[in-house]
Amino acid sequence: MNKIPVILDTDIGLDVDDVWALAFLLCCPEVDIRLIVTDTGDTTYSAAIVCKLLDLAGRSDIPVGIGIPLTTTAKTHLAWLGDYTVSDYTGEVITDGVGAMINEINNSPEVVKIISIGPVPNLAHALQRDPTIVNNSHFVGCLLYTSPSPRDLSTSR
């Protein structure tokens, strides 16, 4: 079976949804995770979470890229993370996560699926730096949309 090449772009580190998504992807035999890039908040802290999870899963073959911090978020996984840092990762950590994303897409013989589970500042910066990545990638966004409340709708008319 040909595995689907994937880049996971994640804002992991605030709540548990991205942890579950990463765990799920790691269990999918049809997926070849080529790179995981963090975004939003303290992206080095987020990368440390990814690195620790990958080390625990025995998947230090997956490089981790540190991406663009977009907003400040709470560090709700600090107790679990403990004193683990990205320098403890037995795999590769890339400080220019956006550049790593561009390189992975451009150097892949197959079309790469970019799965984004959060805001997309990394993808936006990647497209600004190299718009040609659209020729060898497909975007899959798992983005949260909060609909306006009925009260908000009634006041906006």
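This note goes through a predicted model, from the overall fold to single residues.

1. Overall fold. The chain contains six helices and six strands. Their order along the sequence is β-α-β-α-β-α-β-α-β-α-β-α. The radius of gyration is 16 Å, close to the 15 Å given by the globule rule for 157 residues, so the chain is as compact as a globular protein of that length. Along the principal axes, the C-alpha atoms fill a box of roughly 55 × 40 × 30 Å.

2. Contacts along the sequence. Of the contacts in the chain with a separation of 6 or more, 85% are accounted for by residues 24 or more positions apart.

3. Surface and burial. Of the 157 residues, 43% count as buried. The accessible surface of the chain is about 8,500 Å², and carbon and sulfur atoms make up 58% of that area.

4. Charges. The chain carries 9 positive and 19 negative charges.

5. In soluble globular proteins, nonpolar side chains tend to be buried together. Here the largest nonpolar core has 26 residues, and those with the most contacts inside it are Leu8, Ile36, Val50, Leu54, Val64 and Tyr89. At least two residues of this core come from each of strand S1 (4-10), helix H1 (17-26), strand S2 (31-38), H2, strand S3 (64-66) and strand S5 (112-117). H2 gives the most, with eight residues.

6. Leucine 54. This residue is among those with the most contacts inside the largest core. Leaving aside residues up to four places away in sequence, leucine 54 touches Leu26, Ile36, Arg59, Ser60, Ile62, Val64 and Tyr89.

7. Helix H2 at threonine 44 and serine 46. Helix H2 spans residues 43-56 and includes threonine 44. Serine 46 is also found in helix H2. Threonine 44 has a relative accessible area of 36%, which lies between the 20% and 50% cut-offs, so this residue is partly exposed. Serine 46 has a relative accessible area of 3%, under the 20% limit, and therefore counts as buried.

8. Neighbours of these two residues. With residues up to four places away in sequence not counted, threonine 44 touches Ile66 and Val86. On that basis serine 46 touches Ile12, Thr38 and Thr40. Threonine 44 and aspartate 88 are 44 residues apart along the chain, and their C-alpha atoms are separated by 12 Å.

9. Helix H5. Within helix H5 (residues 121-129), the buried residues include Pro121, Asn122, Leu123 and Ala126. The elements that cover the buried residues of H5 include S1, S2, helix H4 (97-107), S5 and strand S6 (137-141).

10. Glycine 141. This residue lies in strand S6. Its relative accessible area is 39%, between the 20% and 50% cut-offs, so glycine 141 is partly exposed. Glycine 141 and alanine 57 are 84 residues apart in sequence, and their C-alpha atoms are 25 Å apart in space.

Methods. Residues are numbered from 1 along each chain as its sequence is written. This is a predicted model: local features need pLDDT of at least 70, side-chain atom pairs count only at pLDDT 80 or more; totals for chains, interfaces and linings use all residues. Side-chain values use heavy atoms; hydrogens and water are left out. Helices (H or I, at least four residues) and strands (E, at least two) are DSSP runs, numbered from the N terminus. Buried means under 20% relative accessible area, exposed over 50%, partly exposed in between (1.4 Å probe, protein chains only). Contact means heavy atoms within 4.5 Å. The radius of gyration is taken over C-alpha atoms; the globule rule is 2.2 Å times the number of residues to the power 0.38. Accessible areas come from the Shrake-Rupley method with a 1.4 Å probe; for residues, only the protein chains shown count as cover. Lys and Arg count as positive and Asp and Glu as negative; His and the chain ends are not counted. The place of a charge is taken as NZ of Lys, CZ of Arg, CG of Asp or CD of Glu. A nonpolar core is a set of buried Ala, Val, Leu, Ile, Met, Phe, Trp, Tyr and Cys residues joined through side-chain atoms within 4.5 Å.
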